[in-house]
Amino acid sequence: MIVVMEPHASREQVNEIVRKIQAAGLGSHISAGVERTIIGVVGDSHTKEQLRQSLEATPGVEKVVLILQPFKLVSRDFKPEDSVIDVEGVRFGDGSVVVIAGPCSVESREQIIRTARAVKGSGAVMLRGGAFKPRTSPYSFQGLEEEGLRYLAEARAETGLPVVTEAMDAAQLLLVIKYADMVQIGARNMQNYTLLREVGRARYPVLLKRGPSATIQELLLAAEYIMSEGNYNIVLCERGIRSFDNYTRYTLDLSAVPVLKQLTHLPVIIDPSQATGKARYVPPLTKAAVAAGADGLIIEVHPEPEKALSDGPQQLTPDAFAHLMGDLTPLAAALGRRLQAPAAMRAQ
Ligand code: PEP
Ligand code: MN
């Protein structure tokens, strides 16, 4: 349930509500919007109905609303305004299109720095690259691990691009936090609830990818795990789901964008690279994602895709990426949107 305060409710009145919720053995989460404060009540208690009546009668409260959906804090009912997630100056959800680019895996210092320079030159505002890779086969390249994280940090120092990279368990999460700016919870770990709680407690920006067989509700409940631990810095990512057709690697569920934008205040980005598995389909789906209202894209770019140690067929060359970015600028403008500029340029 959520408690909607009156527009001018005082801080003391909000504190009184929180005190009552705690006394009932339940948790509270405050969303201080521009217009009014909303307090989310989470947890399970047989005294909930009694508490609801007591809260409704408390000064400063406009109404108490029961949220019928299973996800609460991530829902628009709890927070009607879009959340803007700031990752070192990159702002997801502010209306602009954030483009993250980089190789599937970090393979060498030279490879990641070269790619970082190239994608920055074409307008990407954030760098991706896996150091811990969730590979289908145990015999495939598993990533450079901490060495890869060090190269990512060097690439950031070179270019100023903030870095997102995956962690698959709690130990990797500690390392990722040391070197990167945002942690990716990959599709295969979307329902690793222990890891989700860890990330929630870490209060560190998270890119949460939808599992290939997960429903939209399951994705939102995974985000709810993170948020219920107090971490509100979550960006959702649709990266293709399993369907009967296997011509592309997965089927990009573009309808997830408007559906998620309706259900949640969290930003939503698209990964057309994992979704298609083939570089030639990445540009059209990137454009479709912008048209569908995605808050951003995460695109795989490799200086020499044919030599890549993972996901070669789906990675764009730096030239193809530059071409795509050139196409996106007028497209975004025609849609009344714009590509996000680097933080330094925005400050001018
Ligand atoms: C990736 O980003 O390289 C990756 C493995 O992503 P996903 O978890 O979406 O498959
Ligand atoms: Mn990949």
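Contact is taken here to mean heavy atoms within 4.5 Å. The structure is a predicted model, in which local features need pLDDT of at least 70 and side-chain atom pairs count only at pLDDT 80 or more, while totals for chains, interfaces and linings use all residues. Residues are numbered from 1 along each chain as its sequence is written, chains are lettered from A and ligands numbered from 1 in the order in which they are written, and side-chain values use heavy atoms, with hydrogens and water left out.

The protein chain is assigned domain 1 (2-65) and domain 2 (85-347), the bounds of which come from an automatic or database domain assignment. The centres of domain 1 and domain 2, taken over C-alpha atoms, are separated by 36 Å.

The manganese ion (ligand 2) is coordinated at 2.0 to 2.4 Å by Cys104 (SG), Glu300 (OE) and Asp311 (OD), where donors are N, O and S atoms within 2.8 Å of the metal (3.2 Å for Na, K and Ca) and sites may look incomplete, as water is not among the atoms. Glu300 in strand β14 and Asp311 in the loop between β14 and α11 (318-334) are 11 residues apart, and the pair links distant parts of the chain. Helices (H or I, at least four residues) and strands (E, at least two) are DSSP runs, numbered from the N terminus. Glu300 is buried because its relative accessible area is 0%, and Asp311 is likewise buried, at 17%; buried means under 20% relative accessible area, exposed over 50%, and partly exposed in between (1.4 Å probe, protein chains only).

The residues around ligand 1 include Cys104, Arg128, Gln184, Ala187, Lys209 and Glu300, a residue being near a molecule or strand if one of its heavy atoms lies within 4 Å of it. A backbone N or O atom of Ala187 lies 2.7 Å from an oxygen atom of ligand 1, an N or O atom in the side chain of Lys209 is 2.9 Å from an oxygen atom of ligand 1, and a polar side-chain atom of Glu300 lies 3.3 Å from an oxygen atom of this ligand. Of the 300 Å² of accessible area that ligand 1 has on its own, the protein covers 98%, with areas from the Shrake-Rupley method with a 1.4 Å probe and, for residues, only the protein chains shown counting as cover. Gln184, which is placed in strand β10 (residues 182-185), counts as buried because its relative accessibility is 7%. Not counting residues up to four places away in sequence, Gln184 touches residues including Arg128, Glu166, Lys209 and Ile298.

Asp295 is placed in the loop between α10 (282-292) and β14 (296-300) and, at 4% relative accessibility, counts as buried. Leaving aside neighbours within four places in sequence, Asp295 is in contact with residues including Gly93, Ser96, Lys261, Pro267 and Arg337.

Glu218 is found in helix α7 (residues 216-228) and is partly exposed, with a relative accessible area of 30%. Leaving aside neighbours within four places in sequence, Glu218 is in contact with Met190, Gln191 and Ser213.

Most residues other than glycine have a negative phi. Glu88, in the loop between β5 (85-87) and β6 (90-92), has a positive phi near 50 degrees and counts as exposed at 61% relative accessibility.

Technical notes. Polar contact = N/O pair within 3.5 Å; in protein donor to acceptor, adjacent residues only side chain to side chain.
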